[in-house]
Amino acid sequence: MADDWWRKAVVYQIYPRSFQDSTGNGSGDLRGISRRLRHVADLGVDAVWLSPIYPSPMRDMGYDVSDHRDIDPMFGNLKDFDALIAEAHRLGLRVILDQVLSHTAIDHPFFAESRQSRGNPKSDWFVWADGKPDGTPPNNWQAIFGGPAWEWEPKRRQYYFHNFLTEQPDLNFHNPEVRVWAADTLRFWMNRGVDGFRLDTANFYVHDAELRDNPLDERAMARPTLRTYDMQFPEFSKNRPEALEVMAELRAAVEPMGGVLIGEIGESHHPIERLADYTAPGRLHMGYHPEMMGATFTAAHFRDQIERYYALNPDGVPSWAFSNHDVPRHVTRWASHATDPESFAKLCAALLLSLPGSVCLYQGEELGLPVPPLSFDELVDPEGLRFWPENPGRDGARTPMPWEAEASQAGFSTAPKTWLPVKPVHRDLAVDRQADAPDSVLSFYRILLAWRQTLPAIGGMQIEFLDLDEPLLGFRTGGLLCLFNLGCGEVTVTIPDALKADHVQYAVTKEGRCHLGPNGFLLARLIT
């Protein structure tokens, strides 16, 4: 593939703990991933993204890293990782690693040193500040997982900053040594054959050096919030201009080695603007935000996200996604818009895979997996444990991949108990049930991904939306006409006569008209 393969790439996210267990301990690992990579290659994607596999105390399921340049024993070792890289490349898949550079685990040797005193070599590698005269934290910043974003350290007589768990102290990217370390860490993995990185919480890297208070989020006045974090506009605790400099530095570090960067831009305030900023020329190659992974499922919403992004950054490359490990699976999240789960899963696939730019699929999405029911005693996610039952957390999106419907633990593991349970609703959608069924969701993904590869123009940034009424979404891109009925009723729309239908679901075309049934769609080539 060309050097700019990423411009139209389809990346498949693997959550290693839930993909395949090779040891029988109930948790997935690197050898298990290597065993199942053929399934991913057969889908027709371009790359795999591995969620964190580094040594970690696992308080936040690996996003609390204690060594950024090794493998946690629960997943294997560097030899297993090298074998995975070799197998992926043999199958024509690139490998993208999740990198958590904004913070570490409290157990990280750097932090263990930093917390000891104000004068040691790592003393300024984390964000430290004196408290106010009355002993309260330096400012009003709040942590995403609840409560103040500052924790007192008696040894230094100072507070340290943590955007997430108390056990996840933030690194200080105002320190040039931290920036050098971050770039060197990316080079370490590229020297082992990695093709790129997904940068976790990329817009959280840099804080306001003056530690100014965040202002009130006026939206919190109109609605009760579950988290104190949502009561503020995080103007100073993240999204600082210096973060864009860091993105450019990291790109400069990996690009000579052929590496690419995908950034997670977690932002609820002006999210399109932030995504455009971070993917501007010379910064991240690709980026995504959570706006298409929320509750809204309307034609106006999708059109607004796409049009505004390209208006701000015509040459940028977004990475569109409907699901990942942090949100409820979209088949469940948008279930009120579905006539039946299978048809709806196909509709979502057709919409996502016809968008210009790059796309990210989450493991099990190609099976149409829903969120399974979980009880409180089955949870491990700190978010769910903290906010249950109003927020059940992220475990529902992280349960094991079902491979064989009748096998022990659906073929994921031979262990009597897995780290998260395998539920019957997922067994019924196992890979072996769908692989040879021509009308299955899995078969549809394979067909559609093969079709996308035949459309080089889909990697371009040209998209023209049609002015249609809800719930109908329509656009032209790369010589295609794409129509989607996002509702449960029937709609009819005028279409050009000169077209060749490639993929149709619950759609009938006749004499310049297209009749779309509930969750119906039409993907057609315009004939010129």
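**Salt bridges, cores and backbone features**

At a relative accessibility of 21%, Glu87 counts as partly exposed. The structure described here is a predicted model. The side chain of Glu87 meets that of Arg90 in a salt bridge, with 2.9 Å from N to O. The residues Arg90 and Glu87 are three residues apart in helix H2 (residues 78-90), so about one helical turn separates them. Arg90 has a relative accessibility of 55% and counts as exposed. Glu87 is also one of the residues touched by Ser34, together with Ala83 and Leu84, when residues up to four places away in sequence are not counted. Ser34 belongs to helix H1 (residues 30-43). Its relative accessible area of 17% makes Ser34 buried, because the limit for a buried residue is under 20%.

In total, 36 salt bridges are counted in the model. Side chains of opposite charge can pair when their charged atoms come close. Glu153 is buried, with a relative accessible area of 4%. In another bridge, the side chains of Glu464 and Arg476 meet at 3.8 Å, again taken from N to O. Here too distant parts of the chain are linked, with Glu464 in strand S12 and Arg476 in strand S13, twelve residues apart. Both partners are partly exposed: Glu464 has a relative accessibility of 46%, and Arg476 has one of 28%. A network of salt bridges joins Asp60, Asp326, Asp381, Glu383, Arg394 and Arg398.

Asp326, a member of that network, is also touched by Glu264. Glu264 is found in strand S8 (residues 260-264) and is buried, at a relative accessible area of 13%. From Glu264 to Tyr278 there are 14 residues in sequence, and 9.5 Å in space from C-alpha to C-alpha.

The domain assignment divides the protein into domain 1 (10-104 + 176-453) and domain 2 (462-526). The contact between them takes 27 residues from domain 1 and 27 residues from domain 2. Taken over C-alpha atoms, the centres of the two domains are separated by 30 Å.

In soluble globular proteins, nonpolar side chains tend to be buried together. The largest nonpolar core in this model has 112 residues, and the members that touch the most others are Phe197, Leu199, Leu250, Leu361 and Phe484. Helix H10 (residues 341-353) gives the most to this core, namely nine residues. At least three residues of the core come from each of domain 1 and domain 2. Apart from this core lies another, of 16 residues, including Val11, Ile96, Val260 and Ala321. Beyond four places in sequence, Phe197 touches residues including Ile96, Leu97, Gln99, Leu186, Trp189, Met190 and Val260.

A nonpolar patch on the surface is formed by Phe376, Leu385 and Trp388, which together have about 270 Å² of accessible area. Phe376 lies in the loop between strand S11 (358-362) and helix H11 (382-387). With a relative accessibility of 40%, Phe376 counts as partly exposed. Trp388 is also joined to Pro389 by a cis peptide bond, with omega of about 0 degrees. Pro389 is in the loop between H11 and helix H12 (424-427).

Another cis peptide bond runs from Glu470 to Pro471, with omega near 5 degrees. Pro471 is located in the loop between strand S12 (464-465) and strand S13 (472-477). A positive phi occurs at Arg157, which is not a glycine, with a value of about 55 degrees. Arg157 is placed in the loop between strand S5 (150-153) and strand S6 (158-161), and counts as exposed at 55% relative accessibility. Tyr506, likewise a residue other than glycine, has a positive phi near 50 degrees. Tyr506 is in strand S16 (residues 499-510) and is partly exposed, with a relative accessible area of 47%.

Conventions:
Residues are numbered from 1 along each chain as its sequence is written. This is a predicted model: local features need pLDDT of at least 70, side-chain atom pairs count only at pLDDT 80 or more; totals for chains, interfaces and linings use all residues. Side-chain values use heavy atoms; hydrogens and water are left out. Patches are made of residues with over 30% relative accessible area and no salt bridge: like charges are joined within 9 Å, nonpolar side chains (Val, Leu, Ile, Met, Phe, Trp, Tyr) within 5 Å. Accessible areas come from the Shrake-Rupley method with a 1.4 Å probe; for residues, only the protein chains shown count as cover. A salt bridge is a side-chain nitrogen of Lys or Arg within 4 Å of a carboxyl oxygen of Asp or Glu. Helices (H or I, at least four residues) and strands (E, at least two) are DSSP runs, numbered from the N terminus. Buried means under 20% relative accessible area, exposed over 50%, partly exposed in between (1.4 Å probe, protein chains only). A nonpolar core is a set of buried Ala, Val, Leu, Ile, Met, Phe, Trp, Tyr and Cys residues joined through side-chain atoms within 4.5 Å. Domain bounds come from an automatic or database domain assignment. Contact means heavy atoms within 4.5 Å.
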